[in-house]
Amino acid sequence: MAIPDRRMKGFLVLAFICFGLTFADDDSELVPFMCPDDVPEYKMDTALFTIRNDQNQQAKLRLYTQSEECDTCNLIPEWEILPAQNCSILVDTRWPVRIEIRTVTNESVKSVDPSCSEGNLTKLFLEYGDYVVYMKSTEDNEQATCSKLIIMNDPSDSNIPIYVALGIGVFLALVWILMKYLYRRGILHRIIYFWSTEGMMVDLGTPTNINAGEDPNKEDKKEKKERLKSLDTFRGMSILVMIFVNYRAGYYWFFKHSIWNGLNLADFVFPWFVWIMGTSMVFSFSSQLKRSTPKTLMFWKILKRSAILFLLGLVVNTEGTPGGVEIEEIRIPGVLQRFAGTYLIVATIHMFFAKTTDEHQHCWWSPVRDILDYWPEWILHLVMVTVWLAITFALPVPGCPKGYLGPGGLHEGGKYENCTGGAAGYIDRVIFGNSHIYGNPTAKAIYKTSVPYDPEGLLGTLTSCFLCFLGLQAGKILLQQKDWVQRCKRFLIWGIILGVIAAILSKASKNDGFIPICKNLWSLSFVLALSSLAFILFMLCYLLIDVWKVWSGAPFCYPGLNPILIYVGHEVFANRSPVHFPVVHTHAAQLAMSAWGTFFWFLVSLYLYVKDVIVSI
């Protein structure tokens, strides 16, 4: 029997679920495909799992598997194994795999022997490992027992490329620090002097007169806008990490977006950008108010910037499609579109309540004036959070329970397979249509979802506005509090309070909370958790860079000066030289390519910094 494509097989499995068939121990369960005789070749993130059958075994076996990452999913019958047949398959090494082997007699599945149950065979497999389980038949030849899993080889650690990359990164950082030290001490100039010709030294100047030829009393006619370096550094960290994960991050699963609930590295960067946008907003409005800019002009700038971001987002959404994208299929939501909507709402609200003076700094309630001075703003944003909660938990979604927050597909035994994202997904599919939203959500690979879902959809804009507003709160602290101790104290308090609330909402668990931490939904617990981390990380950057001055913010501060330009550039040039070149499909090669792509855009940002070019919208 020909073995169909694995994607087709996943579709067939889901189709059977749609017709109401289960995978319980009964006579009507789905009959799987026959196990092929060929031994499959290793692939990235896989191990070889072999069932060595007893030659005296008279009954057929049925192999069931499921990833532990698939929350509340039933075991799926993957292969049927003939009597005395050996069977080798590839299993996922990213998460533990649930495995169970059942005996089939007269087309009826017998009760599973404890040695062959998922409790005994479930394991986190090592990449490129060769695992074997030996089957043995009982005396009546009607039941099979399993040996313990035996690993036949000694696979190398798949994370070795990460260790090497970290070592190279530390080495380059030490070289950077050494070169800066030599430059400041004038030692670098002496080295250049030693190896250079006399004509070159005329251009460079001597080590004792580094600034020769410059007028020390000459003032820079170009007035430079003072910037908060810690904020640029935090923004630069986020953009470089975003580029790294968008360039596949070596295909390591823990660097990519989480499948549904939980947090991986890629889940941090976009929310932190939104938070930073709110922090920067305070200084922009303060500057405009000091110049007595009319509110009509301020709103025009807000509207213009939002429109540009939205249009750039549409442009980015058309990249990577051969022959372009048909207007009937273009994805409307996106990262920059979410920025545009969030900025339009938060900036417009803040425009009406922004202040030029700190008139209540001597009142008895001055310690909380960053909240009380802006109480109407707080009310409006809390109303938006309430609306998100009401829609998420009370909106009737056809065929789905109220308040469903799961990925659909195989989740909860496939009962809600068309409910991906609950109310959030339903709203986007109704308003935009299936062809105008993201068709390959992260849950698709594990949960076998069949409906499109967009993580940057409409409903999540409400909670992203609240995230941006919390970043705005950090900017208000910087504006009102002049003492660095008071600033850091407030950053820490906000970080702790928001973190505690997020832990309560999620029950400090991945899947069992009242509101799980879910980037796909931009759930309230997700927004609060990321805001908590943003307050604490920004506080550390602020202390190291702007207060103690033990770190210049390099190299992250450079891409932080031109985030939109770098972001759009890295999207446009993805999969194109000189950013990307075809390499073998291994973690080491792919990680090197991801690191090169990130380093390339760092070099672009460094060039823009040297040329004093800052592109803003």
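Guide: Two strands pair if DSSP finds at least two bridges between them. Strands (E, at least two residues) and helices (H or I, at least four) are DSSP runs, numbered from the N terminus. This is a predicted model, in which local features need pLDDT of at least 70 and side-chain atom pairs count only at pLDDT 80 or more, while totals for chains, interfaces and linings use all residues. Residues are numbered from 1 along each chain as its sequence is written, and side-chain values use heavy atoms, with hydrogens and water left out.

Visitor: In what sense do β3 and β6 pair, and over how many bridges?

Guide: Antiparallel, over eight bridges; β6 covers residues 97-105. Take R62 as an example: its bridge partner in β6 is R102. β3 also pairs with β4 (residues 76-81), again in the antiparallel sense, over five bridges. There, L61 stands opposite I81.

Visitor: How many residues of strand β3 are buried?

Guide: Buried means under 20% relative accessible area; exposed is over 50%, and partly exposed lies in between (1.4 Å probe, protein chains only). In β3 (residues 60-67), eight of the eight residues are buried, so the strand is largely enclosed by the rest of the structure. Both faces are covered. K60, R62, Y64 and Q66 lie on one side, and L61, L63, T65 and S67 on the other.

Visitor: Now a loop residue. Does D454 count as buried or exposed?

Guide: Buried, because its relative accessibility is 1%. D454 sits in the loop between α13 (444-447) and α14 (460-480).

Visitor: Which residues does D454 touch?

Guide: Contact means heavy atoms within 4.5 Å. Leaving aside residues up to four places away in sequence, D454 touches R331, P333, D428, I437 and Y438.

Visitor: What joins the side chains of D454 and R331?

Guide: A polar contact is a pair of N or O atoms within 3.5 Å; within protein, one must be able to donate a hydrogen and the other to accept it, and residues adjacent in sequence count only if both atoms are side-chain atoms. The D454 and R331 side chains make such a contact at 2.8 Å. The D454 side chain also reaches the backbone nitrogen of E456, at 3.0 Å.

Visitor: Where is the place of Q590?

Guide: In helix α18, residues 587-610. Q590 counts as buried because its relative accessibility is 7%. Its side chain reaches the backbone oxygen of V584 at 3.3 Å. Beyond four places in sequence, Q590 touches M44, G250, Y251, V583, V584 and H585.
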